[in-house]
Amino acid sequence: MTPLPQAGPPVTAGPLQDLPPLVFAEECDRLRDRLAAVARGEAFLLQGGESARSFDGTTAESVGGILRTLLQMAVVLTYAASVPVVKVGRIDFGRVDFGVPAGSGDPGSHRLRRMYEASATTLNLVRAFGIGGHADLHQVHEWNRGFVTDSPARRRYTELADGIERSLRFMHACGVDPKEVHTVDFFAGHEGRRLDYEEALTRTDGRTGLPYATSAHLLWTALPGRETADDEHLAYLSRIHNPVAVELGPGADPDTVLACVDRLDPDRVPGRLTFITRMGAELVRDRLPALVRKAEGAGATPVWVCDPVRGNTVRTAGGHVVHDFDALLDEVRGFFEVHRACGTHAGGIHVALTGDRAARAARGVRLDRAHSLDLAFLVAEMMGERV
């Protein structure tokens, strides 16, 4: 993984336009190439993480928990399907209110600087995790440490990890020790809610003269409330050269999908455009096929990703919104069924997760580690090979 910029001391002055990029254009191009492999059916995309509630809550432990969970899920998927898994971590600070100290000047500028600091710190943690030995496949059992004691997911994962360790010992005996076993590429993505922040961190690449968002490798947006493709966020995504994505809810129609394709991927470049679908278990089999066929009929090869968490929630007697895990699993099944029927590739999953070791009663709409692994095993089975 190309080293990411160090966070350095807290930013106290100067506009964001003068600060170093958080990610680099070459890294964005590398992600686009890997997403092109996903679009061709040669790889699978795993997006996971959470929208941060506060900067103080985003610690090395919390980020490490998310990354370990992503690694465990990726190992399950890779072992099952024998295809590379592209890993994109999400920790989004767009909704955090950092507060504005008295006498700090422009409140808007202060918040943007705090977002920059938080993102730089988080990316440093990601970099350290990816290349500092924590992601070494020889740690495949260590990632399981502290897991819930009696969990079917834990038992299945332990069996899988035993198989990986035997394979690694065999490779070592044969004198084979590829670097990919010791490090991992994590890419960063988030929803581009704050256009003032994204615009301020947009840079022109010296190699190509093209503009890139340098706040993250992958940016996405949700369609406006009426599920139209006419929006300033889409306009921004159309100007940058990063890979980009659009969330499609149950109200999206085929003409909207075509408008997004024409606006964001006019040259039909594989890896440029991803559609993140969140239809809900009740609607995915009815609504998704027409969207897939419209895009494919227009000559596009987007990456199709299922976000099964947010569309499958229930409200408890206490008024809390929590995920319905059975419905979540059913949407994933429906997602794969639709792509199988359409002859297209079910390219990935997008999961809101915490990385917590055990489930809690007030889980909300984020998955803990046990449910995340349960989901990974289901997806592995849907990819055609039972683990």
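## Ground rules

Because the model is predicted, local features need pLDDT of at least 70 and side-chain atom pairs count only at pLDDT 80 or more, while totals for chains, interfaces and linings use all residues. Residues are numbered from 1 along each chain as its sequence is written, and side-chain values use heavy atoms, with hydrogens and water left out.

## The whole chain

Of its 387 residues, 53% are buried, meaning under 20% relative accessible area with a 1.4 Å probe and protein chains only (over 50% is exposed, and in between is partly exposed).

Now take the contacts (heavy atoms within 4.5 Å) with a separation of 6 or more: 76% of them link residues 24 or more positions apart.

## The barrel

Eight strands make a closed barrel with parallel pairing, in the order β1-β2-β3-β6-β7-β8-β9-β12. On average, neighbouring strands here are turned by 25 degrees against each other, direction ignored. Strands of a sheet pair through backbone hydrogen bonds, either parallel or antiparallel.

Look at β1 (residues 44-51) and β12 (residues 348-352): they pair in the parallel sense over five bridges. For two strands to count as paired, DSSP must find at least two bridges between them.

## Helix α9

Helix α9 covers residues 325-342 and lies across β1, β8, β9 and β12, running at about 155 degrees to β9. That angle is taken between N-to-C directions on a scale from 0 to 180 degrees, using lines fitted to C-alpha atoms, for helices over the stretch in contact. From first C-alpha to last, the 18 residues of α9 reach 26 Å, close to the 26 Å expected, which is 1.5 Å times one less than the number of residues.

Its buried residues include Phe325, Leu328, Glu331, Phe335 and His339. Just after the helix, Gly343 takes a positive phi of about 75 degrees.

## Zooming in on Thr274

Thr274 sits in strand β8. Why does Thr274 count as buried? Its relative accessibility is 1%. Beyond its neighbours within four places in sequence, Thr274 is in contact with residues including Leu35, Val244, Val246 and Val305.

Conventions: Helix = DSSP H or I, 4+ residues; strand = E, 2+ residues; numbered from the N terminus.
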